[in-house]
Amino acid sequence: MRRGFFMLTMTPHWTERCEEIRAWLAALPQVFIGSDFDGTLAPLQPNANDVRLPDLTRVLLQRLAACPGVVLAFISGRGLADLRRRVDLPGVLYAGNHGLEMTAPDGTTVLAPAPASAGSAVRQVQAQLTAALAHLPGVWIEDKHITLSVHYRQADEVRHPEVELIVRDVVCSHPDLEVRPARRIWEVRPAIAWDKGSVLRRFLDESGIPSNAAAFMGDDVSDFDAFRELPDGWTFAVGTDHRSDARLHLTDPQDTADLLRWIVEQRAAS
Ligand SMILES: [Mg+2]
């Protein structure tokens with residue numbers, strides 16, 4: 001949970017704890033490094049379609065994936081196929097749609113258990129929202145197959161409450177679905193207890209790696225679910241709002257790249 005506005009406790013920057021992280025990286029035969037994509041590895045853009053992984057970050061991730069004993073995972077709100085296309089690294093784990101679709105150890109795609117009726121409900125909601133939101137410029141609906149993202153970043157700020165009202169009003173008549181917030185996005189998804197934390201836990205179990213040998217970085221409320229799975233691991237919240245459940249913070253995706261470069265150097269030296 002996000003702490004209260006008046007709480008002044010700030011999450012320290014990662015460079016304040018690098019001696020501890022250095023010792024952690026040197027001591028473990030296997031480490032799990034998980035990351036969100038948008039706003040964490042790749043800078044946000046006005047249009048989510050324009051978000052790209054910086055070339056340097058891709059090189060660093062390739063080097064990290066090649067380090068012995070490093071398991072890399074990407075867990076995003078994007079659809080799985082979209083995420084894979086944008087990260088484009090072989091031999092790593094992927095989860096899309098906030099973990100509702102994920103890669104299995106054999107590379108095949110697995111879906112989280114959702115009610116069979118959720119699929120047709122998503123299609124109905126898509127049609128209803130397309131009509132109900134048509135008068136709002138800058139609002140668009142991304143079809144992620146098993147979920148929908150209603151993007152409103154480009155809409156006039158004064159219309160944002162209206163977007164929420166419409167989305168909630170449409171979705172509340174479909175008991176198999178729920179609405180969850182993301183950054184300037186309303187996510188419409190099956191109402192099941194499965195989130196980024198659930199898929200992180202599954203990846204750790206399948207990799208045989210304990211939570212104290214894992215790290216996760218993310219910039220959004222949905223990433224807090226993953227942070228909660230790693231009470232004894234390293235968690236990094238990206239952004240200027242340092243009040244999160246993460247142990248440490250990163251300033252922006254460039255800072256994430258700096259951390260990745262530093263981890264590659266430490267891991268290569270150990
Ligand atoms: Mg993000």
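Student: How many residues of strand β11 are buried?
Tutor: Five of the five residues in β11 (residues 234-238) are buried. Buried means under 20% relative accessible area with a 1.4 Å probe, protein chains only. Strands are DSSP E runs of at least two residues, and helices are H or I runs of at least four, numbered from the N terminus. This is a predicted model, where local features need pLDDT of at least 70, side-chain atom pairs count only at pLDDT 80 or more, and totals for chains, interfaces and linings use all residues. Residues are numbered from 1 along each chain as its sequence is written, and side-chain values use heavy atoms, with hydrogens and water left out.

Student: Which residues sit on which side of β11?
Tutor: W234, F236 and V238 are on one side. T235 and A237 are on the other. Both faces are covered.

Student: What does β11 pair with?
Tutor: β10 (residues 214-218) runs parallel to β11, joined by four bridges. β12 (residues 248-250) is also parallel to β11, with three bridges. Pairing takes at least two DSSP bridges between the strands.

Student: And what stands opposite F236 in β10 and in β12?
Tutor: M217 stands opposite F236. In β12, L248 is the residue opposite F236.

Student: How is the β10, α7, β11 unit handed?
Tutor: The β-α-β unit of β10, helix α7 (residues 221-228) and β11 is right-handed. That is, with the strands pointing away from the viewer, the path from the first strand over the helix to the second runs clockwise.

Student: What else does F236 touch?
Tutor: Beyond four places in sequence, its contacts (heavy atoms within 4.5 Å) include W14, I21, F216, F227 and L259.

Student: Which residues have the most contacts inside the largest nonpolar core?
Tutor: F74 and F236, in a core of 38 residues. Helix α8 (residues 253-269) gives the most to this core, six residues. A core here is a set of buried Ala, Val, Leu, Ile, Met, Phe, Trp, Tyr and Cys residues joined through side-chain atoms within 4.5 Å. A second, separate core has 25 residues, among them F32 and I192.

Student: Switching topic. Is R189 buried or exposed?
Tutor: R189 is buried, at 2% relative accessible area. R189 is in strand β9 (residues 185-190).

Student: What is around the R189 side chain?
Tutor: A polar atom of that side chain lies 2.8 Å from the backbone oxygen of W194. Beyond four places in sequence, R189 has contacts including H98, D176, E178 and R180.

Definitions and conventions
Buried < 20%, exposed > 50% of the residue type's maximum accessible area, 1.4 Å probe, protein only. Polar contact = N/O pair within 3.5 Å; in protein donor to acceptor, adjacent residues only side chain to side chain.
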